[in-house]
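Here is a short briefing to read alongside your structure. Keep the viewer open and follow the topics one by one.

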Amino acid sequence: MTSHIRKAGLLALGVSTSVLAMSAAASAQTVNLRYLCYADANECEVSRELLDRFEKANPAIKVTLDKVGFAVIREQLETRLQGGEAPDMARVTNLGGLNKYYLDLSPYIKAADWETNFATTLPWMRVGKDDKGIYGFMTQITVTGPFVNKTMFDQTGVKMPGAGATWDDWAKATAEVQKKGKVYAGMVMDRSGHRLAGMSISMGAKYFDANGLPSAVVDDGFKATSERMVQWHKDGLMPQDVWPGASGAKWKNAGDMFINGDVVMHIAGSWMIQKYEADIKDKFEWVVPPQPCGPAACSAMPGGAAMVAFKSTKHPKEVAQVMEFMASEPVLKEYYERTVQIPAHKGLAAKGLNYGSGVGAPTQAALKQFTADFAKISPVAHQLQGYQRNVAIFNATVNYVAQAITGTLTLPQAYAKIQEEIDNAVKK
Amino acid sequence: MSAALTWIWKALGDLIDGPLRSLQKHIGAHRMAYVFLAPNLIIFGLFSFWPMLLNFYIAFTGGQSVILAERPLIGVENFRELLACPSYLDPRTCPVAGYSFWTGLWNTLFFALVQVPIMVVVALVTALILNRNIRGRGFWRAVYFYPVMLSPVVVAVIWDWILKRRGILNALLDDMVSGWNDLARSGVWFEIGLGLILLLPLLPVTRALLARIASPHRLRLSHGLAVGLAILLSTWLARSGGLVLPDYRPVNWLIDQRAGWPMFWVIFVYTWGHLGFYMLILLAGLQAIPRDLYEAAEMDGTSRFRSFWRITLPLLMPTMVVVLVLSLIRAFQVFDEVYVLTGGGPGQATKMIIQHIYESAFIGDAKRYGIAAASSVLVAGLLMVLTLVQLLVTRRRAGG
C-alpha cells in the first residue's frame, strides 16, 4: 500500500514537473514584440485586429500594440531610440530623419516584391544615393490640400473657384463668404511647415540649391507665401487661433474649426477625410476642390506615415515576419480600405480599392481628388519630402513665419532666422 | 494581536540593536548621525545630485546623442552660443539659440516679478481669513487647497475649457449681454424698473436744487420733479435704444494680445492652482503665533490693523521668507500649465525658460541637449543669486 502511494506520488511529481518544464519552454519560445502606433482615426484599431490574425497564424510571436499620441512619436521616439528603450516597430512620419535607427529588412523579406510595389516611397526612408535598404512600408500616402464647406458657398451665393484657381482667387472667394455669411474666418491652415510647403512650392519656392542642399530656402516664392500668410491674418481672413496661437514649432490641427463651421476652408490633407466623414455627417456639405495654384504650380505636398522596424530589436527575423504580413497585398488592401487611405502599394493602386458602401459620396469624391492631385505633385515637393532633414525646414518655417504673423519679428528678421536655423540643423 | 505586534517590534529592535552598538563603537557616537542620514542621502544623491552633475557635464558637450560616450567635449561653446547677443534686452538681435533663451528668460522674469507678490499677498489674505472663526472653515480650507492636488495639466485643461473662444467665460458674457438686451427691449416694465432706479439718485439732487425755495410745498415739489425727471429719462433711454449693448464678440482670451490677456490669464491660472499650498504654510505660521499677544494688545486698546502690523507680520516673517523663496523658485519652474494653455504663444508672448529648455532638448529635428543643459545651468545660477539676495534683504530687514 505504502509503495503504491509512493509510486503515485512520484508519478504526480513527474507529471507536474514535465508540465511546468513544457510551459516554461513554451513561454521561452514566445517572442514578444512591441509596435508603437499613433492614429489620425482608426488606424491603430484596424492594425490591432490584423495583428490578432497574425498572432493566431503565428502563435510563437506576440505583438503588443502601444497606441500613443502623435506628439509621442514626434517628440519622444528618437530619445527612446538613443537610450536603447525603443519599440521593435513604430508608425512614423519623420521618414528620413530616423534612418540611422532603421532595421534593413531586405535579408528577411521578399525584397523584389517590396521594391516593385513601394518603388515611389521606399526612397523616402533612405538617405543618400548608396542607401538601398528596405526599412518599412507606407501605411498611408497623404496629400495636402484644402477642404471647403460647400454649404456656406451655396448659402451666400458666392461662386466657388474651379480648377486652375489661384491661392489669391480662393482668398478672395472665402473672404466674400466669410463676410456675407458672418463666418468667424475664411481660411485656416494647420500650424505646420509641411502644409505651408505645398503653397510655397506652387508660388515658386525651390527649397534646394543645385547641390540639393537647403542653402537658400527663403526665395521669392517662399517670400510671396509668407507675405500672404501675414496679410491674411492681418485681414482676419485667417484666424488667430492656429498659427499665432502657439509658439515655436508646436503643431496645431485646425480640423475642429472646420467641423464647428467656424471657417470656410481648411488647408489640411487627405488624412482628415475619415474624421470629417465621421464627425460632420450631414451637418453641411464638404468638398475637396482641385489644388489651388500659384505662378509655378498647383502642387500639394506628399507625405504619410510608414510602419518601420528598428535595428535595436532583438528579434529581427520575427519583426520582418510581422512586417511582411502587414505589407502583404490582401492585408494591406483591407487596412487601406478600412482606414480609408490612398494606397502606397503599386499593385493595389492599379487594381483599385473598394472602400465599401459605408463610405459616403463626399469621401469617395475627396479620395478621387487627392489621388488626382498626387499625380500632379511638383518634383520639388517630392525632393523636400524625401530630404533627410525636412523636419528642420518645416519647424523653422512654422516657428518664424508665425512670429512674423504676430508681429514679434518683421518678415526680413523671420527670413534670416529661418535660414540660420536650417543651416544649423544641416551642419549638425 | 497588539501583544504580538509589540513582541515583533521589540524583536526587531533587539535585532538591530547589537549591530548598531558595535558600529557606534567603531566609528564613534558623533559619526552615527551620518549612518541615519545615509539612506536619504543615497536616494537624494542618485535621483537629484547625480542628474544635476550629468546636466552640468552635458552643458559642455556637443552632438545630438543622449549617450554620454557619443557626446564630444566642446568646452564653453554652448554657453557662448547662448550669450552671443548684441543686445540681451532685445533678444531678436541674438542668434536663434540665444533668441529663444533670452525671450524665455525675460518672460519668466516678468512672470515671477508679477506673480510672486500677487501669490504671497493673496495667500496671506486667504490665510488670515481662514484663520478666523468663520462658518464652514474646514470646508473653505479644503476648497482653497483642492487645486493643489490636481495635476497642473488638469488645471490647465479646465481653464482652457473656460477661456477658449467657444469656452464657458465667453458663453457667460454672451448670455449676460443678450439677457440685458432682451430686458432693455422688454418695454413698459423695463421703463418702470429703470425709472425707480433713477429715482434713487434724483431725489436728493432735486431736494438740493430746491433747497433755497421758501415754500411749504418744497418737499412735494422736489419729489414731483424727481418723479417727472425719472419718467422722462427712463422713457427716453429705453425707447432710444441707448441702453442696448452691441452684440458680444467672443474674446480669444488666450490669444488676443491687445490687452495682454494671455499673460494675465497665465498668471491668474498659475496663482489659482498653487495658492492653496502657500496658504497652508502661512496658516501654519499664523497658528504658531501665541494668542496671548493679541489678548494683551486688545487689552491695551490696539486697533486690529496695528495688531496685524506690529504682531502678525513680524512674527510671520520667517514663514513669509520660506513662502517667498519657494514661490520664486517655483515661478521659475513654470511650464506645464503655460504649455497646455497657450503653448508659449501668441508669438512668443508666454514662452517661459523651461519651455525653451524642453524644446531645445526634445522638439524638432536637431536634439540640442547641450544647449538645453547649458540653459539649465545658467538659470540655476540666476536662481541661486536671486534667492541669496532675497534672503539677505529679508534678514537685514528683520535685523538679523
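Chain B splits into domain 1 (2-49), domain 2 (99-169 + 253-397) and domain 3 (186-240), with bounds that come from an automatic or database domain assignment. This is a predicted model, in which local features need pLDDT of at least 70 and side-chain atom pairs count only at pLDDT 80 or more, while totals for chains, interfaces and linings use all residues. Residues are numbered from 1 along each chain as its sequence is written, and chains are lettered from A and ligands numbered from 1 in the order in which they are written.

**Overall layout**
- In chain B, the centres of domain 1 and domain 2, taken over C-alpha atoms, are 39 Å apart.
- Along its principal axes, chain A has C-alpha atoms that fill a box of roughly 100 × 50 × 40 Å.
- Chain A contains 18 helices and eight strands; these are DSSP runs (helices H or I, at least four residues; strands E, at least two), numbered from the N terminus.
- Of the 428 residues in chain A, 48% are buried, meaning that 20 or more other C-beta atoms, placed from the backbone, lie within 10 Å of the residue's own.
- Take the contacts in chain A between residues at least 6 apart in sequence: 76% of them join residues at least 24 apart. Two residues are in contact if their C-beta atoms, placed from the backbone, lie within 7 Å.

**Helix α13 of chain A**
- Helix α13(A) covers residues 329-339, and its buried residues are A:Leu332, A:Tyr335, A:Tyr336 and A:Thr339.
- Viewed down the axis of α13(A), these buried residues fall within an arc of 95°, so they line one face of the helix; the arc is that of the directions from the helix axis to the C-beta atoms.
- The cover over the buried residues of α13(A) includes α2 (43-57), α11 (273-280), α12 (316-327) and α14 (346-351) of chain A.

**Where chain A meets chain B**
- The contact draws 31 residues from chain A and 25 residues from chain B.
- On the chain A side, α4 (77-82), α17 (390-406) and α18 (411-427) each supply at least two residues.
- That side of chain A divides into eight nonpolar, 14 polar and nine charged residues. Here Ala, Val, Leu, Ile, Met, Phe, Trp, Tyr, Cys and Pro count as nonpolar, Asp, Glu, Lys and Arg as charged, and the others, Gly among them, as polar.

**Helix α17 of chain A**
- Mostly covered, α17(A) has 17 of its 17 residues buried.
- A:Gly407 follows α17(A) and has a positive phi, near 85°.

Methods:
A residue is buried if 20 or more other C-beta atoms lie within 10 Å of its own, exposed if 12 or fewer, and partly exposed in between; C-beta atoms are placed from the backbone.
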